[in-house]
Amino acid sequence: MPNKYQIAILGGGPGGYVAAIRAAQLGFKTVVIDKDNLGGICLNWGCIPTKSLLKNAEIYDNLKNHGKEFGIYTKDLSFNFTEIIQRSRGISDKITKNVEMLIKKNKIDRIRGFGKLISQNEIEILDKDGKKTETISADNIIIATGARPKTFPNIPVDRKNIITSTEAMNLTEQPKELIVIGAGAIGIEFAYFYSVLGTKVTVIEMLDHILPVEDAEVSQTLEKNFKKRGIDIYTKTMVEKA
């Protein structure tokens, strides 16, 4: 007989783990299923670790280009790219462990794996190799699987030369050149981070200005700043293939 729950949640991101905690607080027997660390993209590969990278870039940029304004002089200023990445990953790991602790504290079962709906009330659990490990049943199932990077058939992601934001956050070596396709918030953050560290960055956006969903004046001001930094920006431009 499969393990029986009142509520099963597919996905341990901000929607999933918060729903799990609330369900448990209301007295429901609850399980949350996710193949990775809890916290979703935001805590693992988005909001939190990117801000860590941006903070590193900000400090380095200020010391290198504005230190004299504050009476601070640095000689042979340098950085360690690996340690910058490790700091970001460490901050993410610390926060996701706190989420795991909240799940445990609220007596919520935690299953690491892929969840596959096989009926209205049953979920088959698969490991990373796609092998079935168990089946659970639940009176109610919440699907909170979140989002993933958008890909294009003419730009195949090989996770080596053509990468997503996930790989960009966890590179082992700093690239000499980087082309960012898409000038939304995520693309612009990576453009700034890598440019400050010395990578030659090019940004390509199909709409008429970067940060297209933001105020036009903000976008124009940032674009001027980026160009002063040596970032090449192409708007109203589409990538046909790569």
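Me: Which residues does His 209 touch, not counting residues up to four places away in sequence?
Reply: His 209 touches Glu 214, Ser 219 and Thr 235. Contact here means heavy atoms within 4.5 Å. Before we go on: this is a predicted model, where local features need pLDDT of at least 70, side-chain atom pairs count only at pLDDT 80 or more, and totals for chains, interfaces and linings use all residues. Residues are numbered from 1 along each chain as its sequence is written, and side-chain values use heavy atoms, with hydrogens and water left out.

Me: Where does His 209 lie?
Reply: In the loop between S8 and H7. Helices (H or I, at least four residues) and strands (E, at least two) are DSSP runs, numbered from the N terminus.

Me: Is His 209 buried or exposed?
Reply: Buried, at 16% relative accessibility. The cut-offs are under 20% relative accessible area for buried, over 50% for exposed, and partly exposed in between (1.4 Å probe, protein chains only).

Me: What joins the side chains of His 209 and Ser 219?
Reply: A polar contact of 3.4 Å. That term means a pair of N or O atoms within 3.5 Å; within protein, one must be able to donate a hydrogen and the other to accept it, and residues adjacent in sequence count only if both atoms are side-chain atoms.

Me: Switching to salt bridges. How many salt bridges does a search of the whole structure find?
Reply: The search finds 10. The criterion is a side-chain nitrogen of Lys or Arg within 4 Å of a carboxyl oxygen of Asp or Glu.

Me: Which residue forms a salt bridge with Lys 4?
Reply: Asp 139, with the closest N and O atoms 2.7 Å apart. Lys 4 lies in strand S1 (residues 3–10) and Asp 139 in strand S6 (residues 132–143), so the pair ties together parts that are 135 residues apart in sequence. Lys 4 is partly exposed at 44%. Asp 139 is partly exposed too, at 41%.

Me: And what does Arg 159 form a salt bridge with?
Reply: Glu 167; their closest N and O atoms are 2.7 Å apart. Arg 159 counts as exposed at 52% relative accessibility, whereas Glu 167 is buried at 15%.

Me: What about the phi of Arg 159?
Reply: Arg 159 has a positive phi of about 65° although it is not a glycine. Its place is in the loop between S6 and H5. Lys 236 also has a positive phi without being a glycine, at about 55°. Lys 236 sits in the segment after strand S9 (232–234) and is exposed, with a relative accessible area of 66%.

Me: On to helices. How many residues does H6 have, and what does it reach?
Reply: Helix H6 (residues 185–196) has 12 residues and reaches 17 Å from its first C-alpha to its last, close to the 16 Å expected. The expected span is 1.5 Å times one less than the number of residues.

Me: Why is H6 largely enclosed by the rest of the structure?
Reply: Because 10 of its 12 residues are buried. Among them are Phe 190, Tyr 192, Phe 193 and Tyr 194. The buried residues of H6 pack against helices H3 (47–66), H4 (81–105), H5 (165–168) and H7 (216–228), plus strands S7 (177–181) and S8 (200–204).

Me: What comes just after H6?
Reply: Gly 198, with a positive phi of about 110°.

Me: What do the buried residues of H3 pack against?
Reply: H2, H4 and H6. The buried residues of H3 include Leu 53, Leu 54 and Tyr 60. The end C-alpha atoms of H3 are 27 Å apart, which agrees with the 28 Å its 20 residues should span.

Me: Last topic. What volume does the largest pocket have?
Reply: About 1700 Å³. Of the 49 residues that line the largest pocket, the closest to its centre are Lys 150, Ile 163, Val 180, Ile 181 and Gly 182. On a 1 Å grid over the protein atoms alone, a pocket is an open set of points where a 1.4 Å probe fits, with protein on both sides within 12 Å along at least five of seven lines; lining residues have an atom within 4 Å of a point. Grid points are joined across faces, edges and corners, and the volume is the space filled by probe spheres set on the points.

Me: Which elements each supply at least two residues of the lining of the largest pocket?
Reply: Helix H2 (40–45), H3, H5, S7 and H6.
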